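Biologist: I have a chain to look at. Can we walk through the fold step by step?

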Amino acid sequence: MKIKPLADRVLISPAPAEEKTVGGIIIPDTAKEKPLQGTVVATGEGKEDEKMVLKEGDTVLYGKYAGTEIEFEGEKYLIMRQSDVVAVLQK
């Protein structure tokens with residue numbers, strides 16, 4: 001079973017939160033910064049007036065409060081509209 005987003009939505013696997021320590025202090029999960037970067041796992045077909053420009057495997061940046069968090073088969077994902085993605089990172 002897999003998830004197939006509809007219309008202009010994309011499924012993103014967020015990058016893991018960085019575990020920074022300050023002077024040997026371990027930061028608890030609740031205080032970690034939410035990652036703003038992830039990898040596109042699946043895309044919808046787009047809409048008539050807006051074609052889908054993202055593709056599977058793209059590394060993207062998105063807004064801090066963008067998307068809806070979901071958990072599927074033990075993995076955490078974000079599902080959001082293509083317009084919530086602010087940039088594609090190129091290597």
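**Burial and fold**

Biologist: What share of the 91 residues in the protein chain is buried?
Modeller: This is a predicted model, where local features need pLDDT of at least 70, side-chain atom pairs count only at pLDDT 80 or more, and totals for chains, interfaces and linings use all residues. Residues are numbered from 1 along each chain as its sequence is written, and side-chain values use heavy atoms, without hydrogens and water. Buried means under 20% relative accessible area, exposed over 50%, partly exposed in between (1.4 Å probe, protein chains only). Of the 91 residues, the buried share is 27%.

Biologist: In what order do 6 strands form the open sheet?
Modeller: Two strands pair if DSSP finds at least two bridges between them. The pairing here is antiparallel. The order is S8-S9-S1-S4-S7-S10.

Biologist: Why is one side of S8 and of S10 left without a neighbour in the sheet?
Modeller: Strands S8 (68-72) and S10 (85-89) stand at the edges.

Biologist: Which residue in S4 stands opposite Val10?
Modeller: Strand S1 (residues 9-14) and strand S4 (residues 37-43) run antiparallel, joined by 5 bridges. Opposite Val10 stands Thr43.

Notes. Helices (H or I, at least four residues) and strands (E, at least two) are DSSP runs, numbered from the N terminus.
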